[in-house]
Amino acid sequence: MKRNLVYLLGGLLILVASCSFTNKSFEGSDKDKLLVDLIAYVLEKGHLSPKDFNDAFSKDVYDDYIEALDPLKRYFLESDIKEFSKYREAIDDQIKASDVAFFNLTYDRLMQRMSEAREIYKEVLKKPFDFNVEERIDLDYEKHAYAKNKKELTERWRQQLKFSALERYAGALENDKIVKEDGELQDVAPNGKVTDKVATEKEARENTLTAMDDYFNFMDDLERTDWFVIYLNSIVEEFDPHTSYMAPEAKERFDTDMSGKFEGIGARLQKKNDYIKIVEIISGGPAWRENELEVGDEIIKVAQENEEPVDVVGMRLNDAVKLIKGPKGSKVFLTLKRVDGTIEEISITRDVVELEESYVKSSTVDKDGNTYGVINLPKFYVDFTDYTKRNAASDVAKEIARLKKEGMQGLVLDLRNNGGGSLKTVVDMAGLFIEEGPIVQIKSTGKRQEVLEDTDDEIQWNGPLVILVNELSASASEILAAAMQDYKRAIVIGSKQTYGKGTVQNIIDLNQFLRGDNDFGNVGAMKLTTQKFYRINGGSTQLEGVKSDVVVPDRYSYINIGEKDQENPLPWDKIDPATYETWDGYIDYEEAINKSKKRMAENPQLKLIDSNARWVKSQQDIKQYSLNYDEYVNEMNKDKETVKQFRAISDYKTNLTFSSLPYEKTLMAKDSVLEQKRDRWHRDLSKDVYMEEALNVLEDLHLSNIKRGKLADIKG
């Protein structure tokens, strides 16, 4: 059936995408073709930096899409790739013609190869593995060629399955070892009998088989539309890493997340290559309370209570999330690959995750008879429907007022792990620390360059200010840190540079472009990059982020974790600087920075942290592993011994004592959970070498200001 579906010119579209869409017709009732045409049109007209649909673009889409379908190269054969390659420079033509022939070919072939793979792994796992053979597996799949035939493919599966079984086999045997009186290790099972290695190998294979069955059962649950979303996002993500297509189900999950309440473990996950990685621990959630997960950990298996673990390596993020989420009170068991390479299983009791701990919190700290304030801001939150309600800027203003009542003489604003949020709150918050002036410059799709300014000459805090950042400080937090650095209003302490996300995205409902009587139902939404940020000095925060005044190492120092390490990031560029005058409230700004650098260079705790960070990087660079039991265990034990020397990092303590403000102490009398949260936070702060140095810098700034005040009094 033919039907003309007309794009509608809506006010929301003009506001969000900053461009106009002309009428466009679609022929046929094929929803796939509609989505390709619709998404391509929105990208061309609405994206901040649109790309040409040409042969070069086609090659990039092709490569990323094939890798997304088969990242471990365990499905497609060399002959399949040869057949697919005729489309490598034709995807742009397919997009222009609303043709989905390439997708149809790859989807049908993938379904065929996955069906064959199910038979392969079952056949391989029927035979015992010999863990005494000297052989190694190479996990650098990007360098692997595709298998020429079924024999080569089967051998690839055999190695992968053997490696998975070896992890289980070695874990079982090592757990059964006890130490005799003479110090020698002996294999002893829990029942006191010598471990039956044959039975242990069989059990490891059976568990591997169960895990593979579970994985393929999940894959069987996927519908054709799920795979089509992968194809669409292979197109969309060529524009930049933050632009994406959201199918109706994904949009619903997004809306649920934005509502601020859900049931789960309280962690944000990201698919990186073939692994599910922890990118954020939500404050106050189950994972935060139990304190066993860390940012950077990779989840390799998930198990429900009294069930076998399911391998999630290679699994779609959405499917892994379904396994991890669950009703309040239930337990989920996660097998983790830590950032240092060690493997560990933990359990977390699921609960209702409320984002209350994403709100600002503050504390006082006494140091050498002086009182300083600490404000932690996990994100720049706002109620988009009503700005007069609770938001990050107004909350920080309230906390500053409360801290001033307690005699605060200097303030640390902690933006570590702050992934950003509302732009308006950044501008308003920066205005708390300066009289007035520009805060950030913006380029938007279809609009002139503009400067957002603080026009209120009232200052909430005019004393010493230090801002803490790390590699995970992104977007809005980078804008604030950059503005305060450009004004020389604050000293920025932290990583070599922040995350480097200098773009902003808007959610565009694609349904608004179709008439209400269309036959396609809900077509989903797009997260579209429409703006780019620039510092008031003219430089973009994109890629380069904010470079700290005082650079200190942390465990992420050598890991590829920033915007520059993502696929297809927008480039760094520069515009003319805005007109502004630097802060004149310090007389020893540079001197305080130099003192801090000298202290940090001589700090043994930071030297240990740097050594740990380098070792973590070296572990991530390892791609080959032994499939021989003795060699595998030796490598594993060496890693354990290395990890021991870094345990002193968590033993570090300062002489600082942190205290909640009076209003919170009143709340704690009725809320033991709040008291628990703050006690935990204060304990962490008392062991935090970065916070310790931030307070040292505040002390330097505060004492110099006292001296200046005394000098003024004498002159008077």
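Helix 17 passes helix 18 in a left-handed crossing, and that pair is a handy way into this predicted model. The axes of helix 17 (residues 604–620) and helix 18 (residues 629–645) come within 10 Å, crossing at roughly 160°. Angles over 145 degrees count as roughly antiparallel, so helix 17 and helix 18 are roughly antiparallel to each other. Zooming out, the protein has 21 helices and 24 strands, and 55% of its 716 residues are buried.

**Helix 17 against helix 18**

- With the left-handed crossing of helix 17 and helix 18 in mind, here is who touches whom: Leu608, Trp615 and Gln619 come from helix 17, while Asp639, Thr642, Val643 and Gln645 come from helix 18.
- Sorted by class, the contact between helix 17 and helix 18 holds three nonpolar, three polar and one charged residues.

**Helix 9 and its contact with helix 3**

- Helix 3 (residues 55–69) packs against helix 9 (residues 224–236) at an angle of about 145°, and the two axes are 8 Å apart.
- Look at the handedness here, and you'll find that helix 3 and helix 9 make a right-handed crossing.
- On the helix 3 side, the contact uses Phe57, Val61, Asp64, Tyr65, Ala68 and Leu69. On the helix 9 side, Trp227, Ile230, Tyr231, Ser234 and Ile235 take part.
- The class count for helix 3 with helix 9 comes to nine nonpolar, one polar and one charged residues.

**Helix 9 and its contact with helix 6**

- Helix 9 also meets helix 6 (residues 101–124): their axes come within 11 Å and cross at roughly 125°. That angle makes helix 6 oblique to helix 9.
- The crossing of helix 6 and helix 9 is right-handed.
- From helix 6, the residues in contact are Phe102, Phe103, Asn104, Tyr107, Leu110, Met111 and Met114. They meet Arg224, Trp227, Phe228 and Tyr231 of helix 9.
- By class, helix 6 and helix 9 bring together nine nonpolar, one polar and one charged residues.

- Helix 20 (residues 672–686) has 15 residues, and at 1.5 Å a residue it should span 21 Å. The C-alpha atoms at its ends are 21 Å apart, so the model agrees with that expectation.
- The buried residues of helix 20 include Leu674, Trp681 and Leu685. Also buried there are Lys677, Arg678, Arg680, His682 and Ser686.

- Of the contacts in the protein with a separation of 6 or more, 75% are between residues 24 or more positions apart.
- Arg289 sits in helix 11 (residues 286–290) and is partly exposed, with 28% relative accessibility.
- Gly171 belongs to helix 7 (residues 150–175). It's 462 residues from Val633 along the chain, yet 9.1 Å separates their C-alpha atoms. At 28% relative accessibility, Gly171 counts as partly exposed.
- Lys148 lies in the loop between strand 1 (136–138) and helix 7. Its C-alpha atom is 7.2 Å from that of Ser79, which is 69 residues away along the chain. Lys148 counts as exposed, at 56% relative accessibility.

- Ser475 has a positive phi, near 55°, and isn't a glycine. You'll find Ser475 in the loop between strand 18 (465–468) and helix 15 (476–486). With a relative accessible area of 8%, Ser475 is buried, because the cut-off for buried is under 20%.
- Lys488 isn't a glycine either, and its phi is positive too, at about 55°. Lys488 is in the loop between helix 15 and strand 19 (491–494). At 36% relative accessibility, Lys488 counts as partly exposed.

Terms used. Residues numbered from 1 in each chain as written. Predicted model: local features only at pLDDT ≥ 70, side-chain atom pairs only at ≥ 80, totals over all residues. Heavy atoms only, no water. Axes fitted to C-alpha atoms, helices over the stretch in contact; angles between N-to-C directions. Helix = DSSP H or I, 4+ residues; strand = E, 2+ residues; numbered from the N terminus. Left-handed = near helix turned anticlockwise from the far one by under 90°. Contact = heavy atoms within 4.5 Å. Nonpolar A, V, L, I, M, F, W, Y, C, P; charged D, E, K, R; others polar. Expected span 1.5 Å × (residues − 1). Buried < 20%, exposed > 50% of the residue type's maximum accessible area, 1.4 Å probe, protein only. Parallel < 35°, antiparallel > 145°, perpendicular 65-115°, else oblique.
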